[in-house]
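Dear colleague,

I am handing over the structure below, and my notes on what was found in it follow directly after. Please read them with the model open beside you.

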Amino acid sequence: MNERRGGIRIHVETARTWAPAGSSVPVTIRLANGGPRAVLVRLELLDVERILESTTRPLRPADVSRTIRSRVRLPLVPRHGYGVRVSVEAADGTLMGEASTAIEAIEGWWESPRHAALVEYRNAASGARRARALRDWHVTVAQAYDWMWRHYRYMPPDGADPFRDALGRVVSHHALRSAISAARSVGIATMAYGSVYGAEAEFVQRFPDDRVFGAGGEPLSLGGTFFINDLRAGTHWRRTLLQEYTRAMRHVPFAGIHMDTYGPPWHAIAADGQDVAFRELYPGLIADAAQQVGSIRGGRVLFN
């Protein structure tokens, strides 16, 4: 957070969006335009209005426009949020300005998932910069949306980088990895978007029995671009989907898979004539995905 009062500008940030209880967390304070006077900089850790920890540092006039690096130690209390406040006082005790931010004591992002989405993977430097900036919004988990070559095959078959996805967008997995690394450095996990509902036309042309159909016999799709597929246990599409989740985890340093389905249709007819009630299939699919993804670096799944 930034604040400017009495001519002084204050910015305070924690190194991470969260940290385990009991951790010592780096804090960066930037001061500017303090004027020719000595000041006292106070750093406090707050539980609502209660001050848990307070440190002070006097600064000479020549040092007022500078960067200060300090730390706060989180109490040994699980799943708890804290305020971090910086105040600057003149030698006579007059408050010149305040700025604040927040930090959470949690075991991992899954205890307090606050989401953002990564949507562009063209340039490594800009992608990393945008991912790192999510810290200022206290994001704990980001979804890498539409990062794959196709919905049925996430990695390009020829290993090209960059490549064009199904909608013609330029995607670089080098830039994606840079964004993931930058996000992780500030405590933000990155989940791979993984479509549950279906795949592109060329996939169902090769595997027409993977499709599901409406009451009139028409294949169900999203605008003729992504076709809804059969998710029942043992089906080809379900095996394909789980295999791609595993490949994604092995080839890119994701923290897990963000499983995404569109919503409707709620019911369909499979190629073998059997009724498909999608909501009855999701719990088993989620459990299968969690088991496979969890076996790779302790990955986790979210379902939307």
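**Aromatic pairs and their surroundings**

Tyrosine 193 counts as buried, at 2% relative accessibility, where buried means under 20% relative accessible area, exposed over 50% and partly exposed in between, with a 1.4 Å probe and protein chains only. The model is a predicted one, in which local features need pLDDT of at least 70 and side-chain atom pairs count only at pLDDT 80 or more, while totals for chains, interfaces and linings use all residues. Residues are numbered from 1 along each chain as its sequence is written, and side-chain values use heavy atoms, with hydrogens and water left out.

A search of the whole structure gives 10 aromatic pairs; rings of Phe, Tyr and Trp (its six-membered ring) pair if their centres lie within 6.5 Å, and planes under 30 degrees apart count as stacked, over 60 as edge-to-face and the rest as tilted. One of these pairs joins tyrosine 145 to tyrosine 193 edge-to-face, at 4.8 Å centre to centre and with 70° between the planes. Because tyrosine 145 lies in the loop between strand 11 (141-144) and strand 12 (163-164), and tyrosine 193 in strand 14 (residues 189-195), the pair ties together parts that are 48 residues apart in sequence. Helices (H or I, at least four residues) and strands (E, at least two) are DSSP runs, numbered from the N terminus. Tyrosine 145 is partly exposed, with a relative accessible area of 36%.

Tyrosine 197 and phenylalanine 226 form another edge-to-face pair, with 6.4 Å centre to centre and 75° between the planes. Tyrosine 197 lies in the loop between strand 14 and strand 15 (198-200) and phenylalanine 226 in strand 18 (residues 226-228), so this pair ties together parts that are 29 residues apart in sequence. Tyrosine 197 counts as buried at 9% relative accessibility, and phenylalanine 226 is buried as well, with a relative accessible area of 11%.

Trp149, Tyr152, Phe203, Phe207 and Trp237 form one aromatic cluster. Arginine 150 lies over the face of tryptophan 149, at 4.3 Å from the ring centre, and arginine 300 lies over the face of tryptophan 110, at 3.8 Å from the ring centre; a charge sits over a ring if NZ of Lys or CZ of Arg is within 6 Å of the ring centre and within 35 degrees of the ring normal.

Helix 4 (residues 236-251) has 16 residues and reaches 22 Å from its first C-alpha to its last, close to the 22 Å expected at 1.5 Å a residue, the expected span being 1.5 Å times one less than the number of residues.

Histidine 173 is placed in helix 2 (residues 173-185) and counts as buried at 4% relative accessibility. Not counting residues up to four places away in sequence, histidine 173 touches Trp147, Met148, Tyr154, Met155, Pro156, Asp161 and Phe163.

**The protein as a whole**

The protein has 5 helices and 22 strands, and 49% of its 304 residues count as buried. Its C-alpha atoms fill a box of roughly 85 × 40 × 30 Å, taken along the principal axes.

Key: Contact means heavy atoms within 4.5 Å.
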